[in-house]
Amino acid sequence: MSIENVREYLKPFGLDGKILEFEVSSATVALAAKALGTEEARIAKTISLEAKDGTCILVVAAGDVKIDNHKFKATFGFKAKMLSFDDVLVKTGHAAGGVCPFANPEGTSVWLDESLKRFETVFPACGSASSAIELSIETLFETSRALGFVDVCKPIAPVAE
């Protein structure tokens, strides 16, 4: 039902009809990029982290970066800790693979990472492991009700072959 919650959430923005649904999984950056026919960097992945007070912080970042623990701690004042698998649905409102910055429970804070600013549009998930929506960075900021932009990520090191 999470995708339906996102559809309802995006309706006031006139974006409910723009959600893309796939016959294949888009649960990872690589799978989403393949399903969309785009580069992995343009997948706006939503990283779910535990805040000091037990609430959830969502950091939406480009698909080719990961949390930089030093930058995260300097920005938020505590060490980055990913939500446990069991907590993801409860604290984000979405199952793993479909976590997105839309229709989240009260108390969830959303931040956009600076890594997204390289692109005109990006593709965040929409509450399921087979969905996405193409949004401009400005529209993503507005619809996610982001609290601001942060610089808390670093490039993912290339895999040695």
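Colleague: Why is Glu4 called partly exposed?

Modeller: This is a predicted model, and in it Glu4 has a relative accessibility of 34%; because partly exposed covers the range between the 20% under which a residue is buried and the 50% over which it is exposed, Glu4 counts as partly exposed.

Colleague: What makes the pair of Glu4 and Arg7 a salt bridge?

Modeller: The closest N and O atoms of Glu4 and Arg7 are 3.4 Å apart, and since the rule asks for a side-chain nitrogen of Lys or Arg within 4 Å of a carboxyl oxygen of Asp or Glu, the pair qualifies as a salt bridge. Both residues belong to helix α1, residues 2-10, and because they are three residues apart there, about one helical turn separates Glu4 from Arg7. Glu4 and Arg7 are also linked with Glu21 in a network of salt bridges, and by this rule the count comes to eight salt bridges.

Colleague: Where in the chain do Asp64 and Arg118 lie, and what is the N to O distance of their salt bridge?

Modeller: The side chains of Asp64 and Arg118 meet at 2.6 Å, N to O. Asp64 is in the loop between β3 (56-62) and β4 (65-67), whereas Arg118 is in the loop between β5 and β6, so that this pair, 54 residues apart, links distant parts of the chain. Asp64 has a relative accessible area of 27% and is therefore partly exposed, and Arg118, with 47%, is partly exposed too.

Colleague: Why is Ser131 called buried?

Modeller: Its relative accessibility is 1%, and because buried means under 20%, Ser131 counts as buried. Ser131 lies in strand β7, residues 131-132, and its side chain makes a polar contact with the side chain of Ser128 at 3.0 Å. Leaving aside residues up to four places away in sequence, Ser131 touches several others, including Ile3, Phe22 and Cys126.

Colleague: What makes the phi of Arg145 worth a remark, and how do you know whether Arg145 is buried or exposed?

Modeller: Phi of Arg145 is near 55 degrees, a positive value in a residue other than glycine, and Arg145 sits in the loop between α5 (137-144) and β9 (149-150). Its relative accessible area is 53%, and because exposed means over 50%, Arg145 is exposed. Ala103, which is not a glycine either, has a positive phi of about 55 degrees, and its relative accessible area of 23% makes Ala103 partly exposed.

Colleague: Which residues lie nearest the centre of the largest pocket, and which element gives the largest share of its lining?

Modeller: The largest pocket holds about 410 Å³ of space and is lined by 24 residues, of which Ala27, Lys45, Thr46, Gly97 and Val99 lie nearest its centre. Strand β2 provides the largest share of the lining, six residues, and the lining divides into 16 nonpolar, seven polar and one charged.

Key:
Residues are numbered from 1 along each chain as its sequence is written. This is a predicted model: local features need pLDDT of at least 70, side-chain atom pairs count only at pLDDT 80 or more; totals for chains, interfaces and linings use all residues. Side-chain values use heavy atoms; hydrogens and water are left out. Helices (H or I, at least four residues) and strands (E, at least two) are DSSP runs, numbered from the N terminus. Buried means under 20% relative accessible area, exposed over 50%, partly exposed in between (1.4 Å probe, protein chains only). A polar contact is a pair of N or O atoms within 3.5 Å; within protein, one must be able to donate a hydrogen and the other to accept it, and residues adjacent in sequence count only if both atoms are side-chain atoms. Contact means heavy atoms within 4.5 Å. On a 1 Å grid over the protein atoms alone, a cavity is a set of points where a 1.4 Å probe fits but cannot get out, and a pocket is an open set with protein on both sides within 12 Å along at least five of seven lines; lining residues have an atom within 4 Å of a point. Grid points are joined across faces, edges and corners, and a volume is the space filled by probe spheres set on the points. Ala, Val, Leu, Ile, Met, Phe, Trp, Tyr, Cys and Pro count as nonpolar, Asp, Glu, Lys and Arg as charged, and the others, Gly among them, as polar.
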